[in-house]
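Thanks for coming. I will go through one structure today, from the overall numbers down to single contacts. Please have a look at it first.

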Amino acid sequence: MGKKIGVLVFPAGEVNSIELHDALSACVNIRLFGASSVDRHGQFVFENYISGLPSIGKPDFLAALNKLIDSRQIDIVIPTHDDIALFLAKKRETIKAKVLTSDYQTALICRDKRKTYETFADFDFCPRIYHCLVKFPVFIKPRKGQGSVNARLLSGPTDIPADIDLEEYVVCEYLPGQEMTVDCFTDYKGTLQAVLPRSRQRVFGGVSVRGQKEELTEEILDIAQAVNAKLHFTGLWYFQIKQGIDGRFKLMEISVRCAGTMCLSRALGVNLPLLSVYAAMGKKTEVLVNDYDLLVDRTLISRYKTDMEYSRVYIDLDDTILINGKVNLQAIYFLYQCVNSRKQIILLTRHRMDHEDTAKDALMNHKIMPQLFDEVIELDFRTPKYKAIQPEGAIFVDNSFAERKSVYEAVKIPVFDVDGIEVLLDWRR
């Protein structure tokens, strides 16, 4: 394998940057980095994370970015916000790496909905646009907004905000029908290779958190091809459409950045971020889409950062690694995390007191190698578990409160119930 491609995600803290991480972090030919001006969630998932990069409004931003590019051997920078995509597209000649976004003119048109509608005014999928508030109902949205922030339906004159500046908004016809996002991919030659519609069934904070694969109709394909022909994309992009009263889809907006729910397209076998990296490198690409129905539903996930350091894990077997006759997958994830970080693992159990087989037999019956553990200690009921624990650098995981209380009071090490394993998981890669 040749030199790995250095990829920098900036900023690396929002929902779509996590999708870029999940799409690229396991690719063997990519070295993935995340950088942010303001620390958010990226530090919990990017193994190679850089904080404190100046914001794009600072005069030293480009110098700092280029210094980072040189020091980490970055080949491609992926912007995750529309304003940053626009800025980097404009400054791409001064940036020492490829910028994975469209050309500047395309980014400019996509960032401003008024420019978007002016560009596609002659197409039948462009919604009717009004220059004053005399016809109702209408829908207003900021020219440079995203995620439905400050967008609203006006049913009549009394709904008009008192402080609205129409110069900063677009006013368009009310579209009452189904809303979709269409994920797209354009190769390095400008050929549209993927058009993947998905419904927006539930939205939280402007982000689609529930969506379903939808049929690629001739109507949707025609819109995608018209947009691709009119603008100049490289790599991933998406557009949003919504049905009007007549049932026809109308264009709502276009974006040149990754969308967080592009995970649905990836789940169909189309890794849009990876294809986009190849497109930016001028490599030939091909798209293969799995043919099955797919629904995605997302919610918040908790990731933790502590000041706790440990080198040895004592963990119980029954009702901890094995629960209700099944392997606890979160526990197995954690144990192999310990293997990767070279932490010692000791199985500390009373399995023989309640079962006819040994702990090693129980492990083998569930296809868990006993060799996963540096040591297997089986105790009787008379011996407290803390007697078997070397406390220096140790933690203890056990479903029994009585056992945890005894260990905590005797040897003063951190103790965790089964549900607390999630605190120990390290998602960075």
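**Overview**

Of the 429 residues in the protein, 48% are buried, where buried means under 20% relative accessible area, exposed means over 50%, and partly exposed is in between, using a 1.4 Å probe and protein chains only. A word on where this comes from: this is a predicted model, in which local features need pLDDT of at least 70, side-chain atom pairs count only at pLDDT 80 or more, and totals for chains, interfaces and linings use all residues. Residues are numbered from 1 along each chain as its sequence is written, and side-chain values use heavy atoms, with hydrogens and water left out.

The C-alpha atoms fill a box of roughly 85 × 50 × 45 Å along the principal axes. The protein has 13 helices and 23 strands; these are DSSP runs numbered from the N terminus, H or I of at least four residues for helices and E of at least two for strands. If we take contacts between residues at least 6 apart in sequence, 65% of them join residues at least 24 apart, a contact being heavy atoms within 4.5 Å.

**Two helices**

Two packed helices are described by the angle between their axes and the distance between the axes. Helix α1, residues 15-24, and helix α8, residues 272-280, have axes that come within 8 Å and cross at roughly 80 degrees. Axes here are lines fitted to C-alpha atoms, for helices over the stretch in contact, with angles from 0 to 180 degrees between N-to-C directions. The two helices are therefore roughly perpendicular; the classes are under 35 degrees for roughly parallel, over 145 for roughly antiparallel, 65 to 115 for roughly perpendicular, and oblique for the rest.

Which residues of α1 and α8 make the contact? On α1 they are Leu20, Ala23 and Leu24, and on α8 they are Pro273, Leu274 and Val277.

Strands of a sheet pair through backbone hydrogen bonds, either parallel or antiparallel. Strand β13, residues 207-212, pairs with β16 over three bridges, and glycine 211 has valine 296 of β16 as its bridge partner.

**Salt bridges**

How many salt bridges does the structure hold? There are 22, each being a side-chain nitrogen of Lys or Arg within 4 Å of a carboxyl oxygen of Asp or Glu.

Aspartate 297 is in strand β16 and arginine 202 in strand β12, so the bridge ties together parts 95 residues apart in sequence. Aspartate 297 is partly exposed at 40%, and arginine 202 is partly exposed at 36%.

Next, glutamate 173 and arginine 128, with the closest N and O atoms 3.5 Å apart. Glutamate 173 is in strand β9 and arginine 128 in the loop between α5 and β6, 45 residues apart. Is glutamate 173 buried or exposed? At 6% relative accessibility, glutamate 173 is buried, whereas arginine 128, at 47%, is partly exposed.

Last, glutamate 409 and lysine 405 form a salt bridge at 2.9 Å, N to O. Both are in helix α12, four residues apart, which means about one helical turn between them.

Note on methods:
Two strands pair if DSSP finds at least two bridges between them.
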